[in-house]
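Here is a report on one protein structure, written for someone new to reading them. Take a look at the sequence and the model, then read on.

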Amino acid sequence: MLVLGIETSCDDTAVALYDADRGLLCHLRYSQIKLHESFGGIVPELSSRDHASKLMPLLLELFKKTEKNWRDLTAIAYTAGPGLIGALLTGAALARALAYSLNIPCLGVHHMEGHLLAPMLEQNKPEFPFIALLVSGGHTLLVEVNAIGNYRILGQSVDDAAGEAFDKTARVIGLAYPGGPLLAKLAEQGIPNSYTFPRPMTQQPGLDFSFSGLKTHAVNTWDHSDKSEQAKANIAHAFQEAVVDTLIIKCRRALEQTGLNRLVIAGGVSANLMLRSRLKQVMDDVGGDVFYPALEFCTDNAAMIAYAGFMRLKQGECDDDNVQIRPRWPLEELV
Ligand code: KG4
Ligand code: ZN
């Protein structure tokens with residue numbers, strides 16, 4: 001089975017080929033960051049137009065690199081949601097048209113399931129069941145994963161997602177979009193303990209998150225600072241510490257509550273090196289294991305979509321011929 005994966009849910013145009021026997025053959029990604037940078041955030045219409053113009057050239061490059069062609073494909077998986085409606089439609093329309101003309105199965109994949117399964121692309125894969133911390137620009141979720149499609153949401157953000165809070169805080173202190181990785185880099189220059197930021201919702205029971213107050217706290221601290229480069233780095237440091245600490249407290253709680261000892265982290269914020277190293281330390285301490293995707297598979301990519309699609313297609317799942325997208329698609333509704 002050779003599955004073509006297509007990802008266009010947000011600001012990355014991505015394609016990948018996953019082979020049942022050989023694993024991931026190749027994945028390519030074109031980032032729209034430059035296109036949106038001057039606006040300080042994603043402009044949906046520009047995003048859709050850019051996906052539409054970049055998808056075909058990227059696909060042809062993928063075939064060239066892998067020495068494959070249309071006729072070698074046995075199935076297609078594309079991101080059907082959640083995401084930007086116009087952006088999703090570009091990938092869905094291409095996937096459906098191709099599948100129809102090649103007369104092969106096609107399946108719409110849940111973007112967060114793609115993230116959740118991304119660590120499975122590594123040599124050292126987690127076995128079911130495990131706890132997954134999904135931290136991206138749009139989601140913060142703690143999920144008990146028992147099998148493909150058997151997901152129990154244990155906790156989620158009641159307001160801003162972790163990545164969103166990173167990006168908004170970064171924007172206020174003058175960093176470019178998307179600010180998460182830039183803020184993380186700047187934090188390395190920060191003097192530890194210059195500020196102590198709150199660890200929201202950790203004093204009360206439960207596994208939900210709230211990052212909007214933390215973002216406001218960072219903004220207020222910035223407003224009252226001398227606005228020097230050092231103050232900026234110190235705020236970045238305190239903010240990152242608070243987010244990482246909060247995520248870790250909730251992960252530990254989820255592991256205790258479920259009695260599980262395997263933890264998976266995925267989504268854009270799982271590229272955060274401080275989060276990765278702290279979680280490794282915590283899991284070593286409690287005698288558990290932590291699994292994360294390679295850095296290139298933390299942020300949006302099509303390898304995870306091809307893989308998630310492959311796992312479902314091989315169980316016989318397949319959609320009808322309609323172009324199907326679900327811009328809002330809660331993970332709980334996935335079976
Ligand atoms: O998963 P992703 O590529 O897109 C969504 O599905 O949202 O995640 C993007 C998010 C952005 O908010 C970005 O700032 C954040 O992940 N991010 C990071 C880091 N790298 C990416 N946040 C903190 N530290 C990083 N190193
Ligand atoms: Zn994503």
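## The second largest pocket

The second largest pocket has a volume of about 190 Å³. A pocket here is found on a 1 Å grid over the protein atoms alone: it's an open set of points where a 1.4 Å probe fits, with protein on both sides within 12 Å along at least five of seven lines. Grid points are joined across faces, edges and corners, and the volume is the space filled by probe spheres set on the points.

Who lines it? There are 14 lining residues, and L107, G108, D319, W329 and L334 are the closest to the centre. To count as lining, a residue needs an atom within 4 Å of a point. Strand β5 (residues 106-110) gives the most to this lining, with four residues. By type, the lining divides into six nonpolar, three polar and five charged residues. Ala, Val, Leu, Ile, Met, Phe, Trp, Tyr, Cys and Pro count as nonpolar, Asp, Glu, Lys and Arg as charged, and the others, Gly among them, as polar.

## Where the numbers come from

This is a predicted model, so local features need pLDDT of at least 70 and side-chain atom pairs count only at pLDDT 80 or more, while totals for chains, interfaces and linings use all residues. Residues are numbered from 1 along each chain as its sequence is written, chains are lettered from A and ligands numbered from 1 in the order in which they are written, and side-chain values use heavy atoms, with hydrogens and water left out.

## Rings that meet

Rings of Phe, Tyr and Trp (its six-membered ring) pair if their centres lie within 6.5 Å; planes under 30 degrees apart are stacked, over 60 edge-to-face, and the rest tilted. The count comes to eight aromatic pairs. One of them is Y18 with Y307, an edge-to-face pair at 5.3 Å centre to centre and 75 degrees between the planes. Y18 lies in strand β2 (residues 12-19) and Y307 in helix α10 (residues 303-313), so this pair ties together parts that are 289 residues apart in sequence. Helices (H or I, at least four residues) and strands (E, at least two) are DSSP runs, numbered from the N terminus.

F63 is buried at 6%, but W70 counts as partly exposed at 27%.

## A hairpin

β2 and β3 (residues 23-31) run antiparallel, joined by eight bridges. Strands pair if DSSP finds at least two bridges between them. The two form a hairpin with three residues between them, and D12 stands opposite S31 in β3.

Now for the loops. A cis peptide bond joins G81 and P82, with omega about -10 degrees, and P82 sits in the loop between β4 (75-81) and α3 (85-102). Another cis bond joins Y177 and P178, again with omega about -10 degrees.

N103 has a positive phi of about 60 degrees although it isn't a glycine. You'll find N103 in the loop between α3 and β5, where it counts as exposed at 71% relative accessibility.

Technical notes:
Buried means under 20% relative accessible area, exposed over 50%, partly exposed in between (1.4 Å probe, protein chains only).
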